[in-house]
Amino acid sequence: MTRRVLIVATVSLLLVWSTAGARAGGLEGESKGFIRPANTRPDNASPLSVLGEDPLEPRVIELDFELSDDARGSVVTADLDDDGTMDFVVTAPGHIGAYGQDGKRLWHREVDVRVSSGSSEKVGLPGHHAPGIQVADVDGDGRAELLYLDQSSTVHILDASSGKEQRAVQVPHPEGAERWEHLVVVNLRGLGDRDLVLQTTNAEGYRVGHYVCAYALDKLGAAPLWRNDAFGTLAHGPLRVADLDGDGRDEICGFTFLGPDGRQTAWRYPPISPEFGGGSSFHIDGLYIADVRPDVPGLEVVLLEEGRNYVGLVNFERGLLWWETNGRQEPQNAAVGEFDLTRPGLETWCRSRYNTHQKPWVLDAYGNLIVQYDLDDVAPEGWTAEGVEVITAIHWTGQEAQLAAAKERHTSGDVCLFEPVTGRFVFRFREKADRLYVADVSADWREEIIVLSGNELHIYENPAPNPRPNRPRLWQQNHYRRSKMTWNYYSP
């Protein structure tokens, strides 16, 4: 296939968010080159008539294969060839492709990589939009490796820069499962990224990823470090990991938390019981890891329920910090970030479950409801009535307050930036987005918008000067690295 790279000059999109404007919950001022938010308008103007759409052209990388149209596979970014520049890895059924930021193909392999789509309760993990791979230096030689599972429970370890296979080990899966379905590189022993956690679902009935097993990567064929066959996991996706307590080792996160040694915490998430939500059953749709409460040591985990329809905030050491509902409306999807500088900690934006005409709401770091609004009142003209999906907090402007990025729901559609607290759509990218991924790839610590569209990868950067250029890169944070490698549709 003939490959091409289109690098189109960007215009000056000055999305610089003033601190005063952010504290007031909106953008401030409008001058030549600024994008006016949707709700800043003259009294006689239509609510949506002034949303700016100045052209911001992406860099375009043409791939060697078509993306799956059924949501199997996706994209991650990592430094594959150890040159200090982030590269891209794209997966689809039968394919793994690696590309540099200049559009050069580093390598492409036709392999039986384990990716899945639709309901993981029916088809298993890793879930909708999950990339199904891991990139890390797993042997300590200073060079990155890429790991993936195939459909026969074999862990493949490749040289990340060339795609050449270094090792392949078939790992026996638990009785009652079809195969191992998900893998995550972790640090369980304090030795760095030298360990691997595998997860899978039961083969029959309602499938849940209860089976979790940990291995030393240099001893994949030997006995596991530990095993848990009753892990309390997400319903729509795999476990996530992070160093929650700052001891240099990773914890395993679902609504059950496992320590690096595989032991479950002494506390329990609110079970199915008459004292919790009237005894309604529940499962977890999404899981987000962040320092929501800086006043509490360690990181917190935000959990979104379906059934009882609560949002919970959990700390590894202290357990449940709060458990709140907004009139028993289902939250379903969320974004967690610094959305309101007047309040301590981070905020949680919940999309709501309505199939159309969504009604998002925002909780503060203590579980208090800040605001709820109708998405129809803030979305630009022509935006789908089904709302937004794959919502992700983004450091786009370089200011302290974050925006959220999202795509049109249930369609290969446009992408937007919006203010979670006000709902204002700040910018609309005309797209045919099949996947949406947010990560820092341009080395100035701000994050870029990465879109997979058919057989093309589109990278959108903010060309405005960074107002805080000396901040450390986000990749220095353990939970950021882990989250960008283990994301899926429900937990971007």
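Which residues are linked in a network of salt bridges? In this predicted model, Arg114, Glu178, Arg179, Glu181 and Arg207 form such a network, a salt bridge being a side-chain nitrogen of Lys or Arg within 4 Å of a carboxyl oxygen of Asp or Glu. Residues are numbered from 1 along each chain as its sequence is written, and side-chain values use heavy atoms, with hydrogens and water left out.

The protein chain contains three helices and 32 strands; helices (H or I, at least four residues) and strands (E, at least two) are DSSP runs numbered from the N terminus. Of the 492 residues in the protein chain, 62% are buried, where buried means under 20% relative accessible area, exposed over 50%, and partly exposed in between (1.4 Å probe, protein chains only). The accessible surface of the protein chain comes to about 18100 Å², and 46% of this surface belongs to carbon and sulfur atoms; the areas come from the Shrake-Rupley method with a 1.4 Å probe, and for residues only the protein chains shown count as cover. Among contacts (heavy atoms within 4.5 Å) between residues at least 6 apart in sequence, 53% join residues at least 24 apart.

Strand 12 (residues 195–200) is largely enclosed by the rest of the structure, because six of its six residues are buried. Both of its faces are covered: Asp195, Val197 and Gln199 are buried on one side, and Leu196, Leu198 and Thr200 on the other. Strand 12 runs antiparallel to strand 11 (residues 182–186), to which five bridges join it; two strands pair if DSSP finds at least two bridges between them. In this pairing, His182 stands opposite Gln199. Strand 12 also pairs in the antiparallel sense with strand 13 (residues 211–216), over six bridges, and there Tyr215 is the bridge partner of Leu196.

The largest nonpolar core holds 59 residues; a nonpolar core is a set of buried Ala, Val, Leu, Ile, Met, Phe, Trp, Tyr and Cys residues joined through side-chain atoms within 4.5 Å. The members that touch the most other members are Ile96, Leu146, Trp396, Leu417, Phe429, Ile449 and Leu457. Apart from its neighbours within four places in sequence, Ile449 is in contact with Ile394, Trp396, Val415, Leu417, Phe429, Leu436, Tyr437, His458, Ile459 and Tyr460.

Gln372, in strand 25 (residues 369–372), is partly exposed at 30% relative accessibility. Its side chain makes a polar contact with the side chain of Asn326 at 2.7 Å, and the C-alpha atoms of Gln372 and Asn326, 46 residues apart along the chain, are separated by 9.5 Å. A polar atom of the Gln372 side chain also lies 3.2 Å from the backbone oxygen of Lys359. Leaving aside neighbours within four places in sequence, the contacts of Gln372 are Asn326, Gln329, Lys359, Pro360 and Trp361. Arg59, in strand 2 (residues 59–62), counts as buried at 12% relative accessibility, and its side chain makes a polar contact with that of Gln101 at 2.9 Å.

Side chains of opposite charge can pair when their charged atoms come close. The count in this model comes to 27 salt bridges. Arg72 and Asp70 meet through their side chains in one of them, at 2.9 Å from N to O; Arg72 is partly exposed with a relative accessible area of 30%, and Asp70 is partly exposed at 28% relative accessibility. In another salt bridge, the closest N and O atoms of Glu389 and Lys407 are 2.6 Å apart. Because Glu389 lies in strand 26 (residues 388–394) and Lys407 in strand 27 (residues 403–408), this pair ties together parts that are 18 residues apart in sequence. Both Glu389 and Lys407 are buried. Arg473 forms a salt bridge with Asp440, with the closest N and O atoms 2.9 Å apart. This pair links distant parts of the chain, 33 residues apart: Arg473 is in the loop between strand 32 (456–460) and helix 3 (478–485), and Asp440 is in the loop between strand 30 (435–439) and strand 31 (448–453). Asp440 is buried, with a relative accessible area of 0%.

How values were computed
Predicted model: local features only at pLDDT ≥ 70, side-chain atom pairs only at ≥ 80, totals over all residues. Polar contact = N/O pair within 3.5 Å; in protein donor to acceptor, adjacent residues only side chain to side chain.
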